[in-house]
Amino acid sequence: MQMEGSVGKMSDLLQEAVSFIRTSYPELLKTEEEINDRVEQIKREINETDRYEHTYEELVYGAKLAWRNSNRCIGRFFWESLRVIDKRMIQSEQEIVSALFEHIEFATNNGNIRPVITIFKQKDHEGKLDIWNHQLIRYAGYETENGVIGDSSSIEFTKKCMALGWEGKFGSFDILPIVVQLEGKTPNFHEIPESLVKEVPITHPELKWFKDLQIKWYAVPIISGMRLEIGGITYSAAPFNGWYMGTEIGARNLADEERYNMLPAIGERMGLDIKRDSTLWKDRALIELNDAVLHSFKKHGVSIVDHHTAAKQFKKFEEKETSCDRKVTGDWTWLIPPVSPATTHVFHKPYDNEIMKPNFFYQKPPYK
């Protein structure tokens, strides 16, 4: 039975590999002969070793396709601009941590953010690598007798970091360390050098008291808790980033009741009646918060996009895909912005949520 299972798994890998090659190679303008030669080469490799390695060209294009196929991303118009950093060969923990720091620096680019992915060795390699962080840069969350301080979505991970010896400062915006674990070894935390983390203080173009709220947010969202799958191969450590859409910060991270819950404080300072929802105080406070986020990022020279512009860019993506005879898939519930969705074309269109590969997939945090 074990042999049958092994053969079945190998067959699935080959099938996924061939599907990827036959999808990507024509787009890379490869000839039918080159396609067939590569398929035969992969077959031999899988037969001999039960696995295969992507060429650098396949890795790069596979990562780009994963972005193009990401149903929940409204920023896919830029999929071809993704920079791919190949770190499959590095082994030591220090090399890995250095590569993650390099990613942060390269992506941040002093505010002119570059979409980039750093890909470490495939999951089936000996010495599997796990990155414990959901994002490379994120704020800590602390449970206290007087309520939550910081980001409540980080509470569990913050506890894990402190159990490893990290000492939090119990501030609202403490940068968490990066935690990496090599297979069979103890996880270790690594503080991110302050010089690498660009943060934006949130102020308002007209409401001068806004600065007194002492809100800020980090410049680059680098997702590190998802796995990348290309042609049947899984890369469990492949952190990637684009730039923020303003509503991610202004309508979710800072506004959600279960996150920073800033709307009541803003509504009160605006002189609104926050006791009755029917006064639409939340809506007014939300708009001012989003205005402040966009204003602040632009003021400090950090790339960001508003939801109206992002929707127009997505429309261009749809048109280009259609012109290439490619199906546009999407998760409508994620594509519509959390502020004024009906003002965008996305709200008025149905999308097929079929999952295409290559793609990014959620994976269980290693500490759970």
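**Sheets, cores and rings**

In β13, the residue standing opposite V116 is N241. Two bridges join β2 (residues 116-119) to β13 (residues 240-241), and these two strands run antiparallel. Strands here are DSSP runs of E with at least two residues, helices are runs of H or I with at least four residues, and both are numbered from the N terminus. Two strands count as paired if DSSP finds at least two bridges between them.

A word on ground rules: this is a predicted model, where local features need pLDDT of at least 70 and side-chain atom pairs count only at pLDDT 80 or more, while totals for chains, interfaces and linings use all residues. Residues are numbered from 1 along each chain as its sequence is written, and side-chain values use heavy atoms, with hydrogens and water left out.

**The four-stranded sheet**

- β1-β2-β13-β10 is the strand order of an open, four-stranded sheet with mixed pairing.
- At its edges sit β1 (83-86) and β10 (222-223), each of which pairs on one side only.
- Helix α3 (residues 56-68) packs on this sheet, touching β1 and β2, and its direction makes about 135 degrees with that of β1. Touching is a matter of contact, meaning heavy atoms within 4.5 Å. For the angles, axes are lines fitted to C-alpha atoms (for helices, over the stretch in contact), and values run from 0 to 180 degrees between N-to-C directions.
- α4 packs on the sheet too, touching β1, β2, β10 and β13, with its direction at about 165 degrees to that of β2.

- Another open sheet has three strands in the order β12-β11-β16, with antiparallel pairing.
- β12 (233-235) and β16 (359-362) have a single partner strand each, so one side of each is left without a neighbour in the sheet.
- On average, neighbouring strands of this sheet are turned by 30 degrees against each other, direction ignored.
- Three bridges join β11 (residues 226-230) to β12, and L228 faces Y235 in β12 as its opposite number.
- α3 turns up here as well: it lies across β11, β12 and β16, running at about 120 degrees to β11.
- Within α3 you'll find V60, which is buried at a relative accessible area of 16%. (Buried is under 20% relative accessible area, exposed is over 50%, and partly exposed is in between, with a 1.4 Å probe and protein chains only.) C-alpha to C-alpha, V60 is 14 Å from P239, although the two are 179 residues apart in sequence.
- Elsewhere, a hairpin takes β4 to β5 through two residues. Four bridges join β4 (residues 141-144) to β5 (residues 147-150), running antiparallel, with Y142 opposite I149.

**Nonpolar cores**

- The largest nonpolar core has 56 residues, and those with the most contacts inside it are F120, I192, F210, W217, L254 and F297.
- Elements giving it two or more residues include α4 (93-108), β6 (178-182), β9 (216-218) and α8 (281-299).
- α8 supplies the largest share, eight residues.
- Apart from this core lies another, of 43 residues, with I74, M245, V328 and Y351 among them.

**Aromatic rings and charges**

- The count of aromatic pairs comes to 19.
- F173 and Y260 have ring centres 5.1 Å apart and planes at 5 degrees, so this pair is stacked. F173 is in the loop between α5 (155-163) and β6, Y260 in the loop between α6 and α7, 87 residues apart. Both residues are buried.
- W217 and Y260 have ring centres 5.6 Å apart and planes at 85 degrees, so they go edge-to-face. With W217 in β9 and Y260 in the loop between α6 and α7, the pair ties together parts 43 residues apart in sequence.
- The cut-offs: rings of Phe, Tyr and Trp (its six-membered ring) pair if their centres lie within 6.5 Å; planes under 30 degrees apart are stacked, over 60 edge-to-face, the rest tilted.
- W217 has a relative accessible area of 0%, and Y260 has 11% relative accessibility.
- Leaving aside neighbours within four places in sequence, W217 is in contact with residues including Y139, D151, F173, Y244, R259 and Y260.
- Ring pairs link Y139, F173, W217, Y218, Y244, Y260 and F297 into a cluster.
- R114 lies over the face of F106 at 3.8 Å from the ring centre, and K30 lies over that of Y25 at 5.6 Å. A charge counts as over a ring if NZ of Lys or CZ of Arg is within 6 Å of the ring centre and within 35 degrees of the ring normal.

Conventions. Core = buried A, V, L, I, M, F, W, Y, C linked by side-chain atoms within 4.5 Å.
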